[in-house]
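Thanks, everyone. Let me put the structure up, and then we'll walk through a few residues.

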Amino acid sequence: MKCPVCGAVYRPTKQSTGAGETFPSPTCRRCKADLSDLLRLHDQAIWYHRQALHLCSQGRYAQAAAQNNAALALYSSNADFHALAGKLSALQGEFREAIASWQQALKFDPQNAVAGDCLQMIKMLTS
Ligand SMILES: [Zn+2]
């Protein structure tokens, strides 16, 4: 994820408490903005996304899509969320929506393997 203030990619950096313990610092390494609220939202979104993956593996696609949409509502610039949304649409026969989701995924992460492979497959099937 990116810092909304300066656009730097956030990576958790270990911060020493002085008591021999370390904890991930919720501040941007470039501009020092406090990102703790954002990280909480991001964690929540990841949690929804994991629920969605779990439901998907059980074949409960509609419920998985609902969980994944909750993740997207909290954090819409994660390529993996869009890639899964595309997969779930395709599994439910909604190919137009699937393609739109995969294109979104590639917009946020041009290297996203799931979205790239699936789009290529669709192109082969439809050409
Ligand atoms: Zn920043």
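First, a term: buried means under 20% relative accessible area, exposed means over 50%, and partly exposed lies in between, with a 1.4 Å probe and protein chains only. This is a predicted model, where local features need pLDDT of at least 70, side-chain atom pairs count only at pLDDT 80 or more, and totals for chains, interfaces and linings use all residues. Residues are numbered from 1 along each chain as its sequence is written, and side-chain values use heavy atoms, with hydrogens and water left out.

Start with His49. His49 sits in helix H1, residues 36-57; helices are DSSP runs of H or I, at least four residues, numbered from the N terminus. Buried or exposed? His49 has a relative accessible area of 10%, so it is buried. Beyond residues up to four places away in sequence, His49 touches Asn68, Ala71, Asp80, Phe81 and Leu84. Contact here means heavy atoms within 4.5 Å.

Now the core. The largest nonpolar core has 10 residues, among them Trp102, Ala115 and Leu119. Such a core is a set of buried Ala, Val, Leu, Ile, Met, Phe, Trp, Tyr and Cys residues joined through side-chain atoms within 4.5 Å. Helices H3 (79-91), H4 (95-108) and H5 each supply at least two of its residues. H5 gives the most, with 4 residues. Setting aside neighbours within four places in sequence, Ala115 contacts Ala83, Trp102, Ala105 and Leu106.

Last, Met124. Met124 is in helix H5, residues 113-126. Its relative accessibility is 62%, so Met124 counts as exposed.
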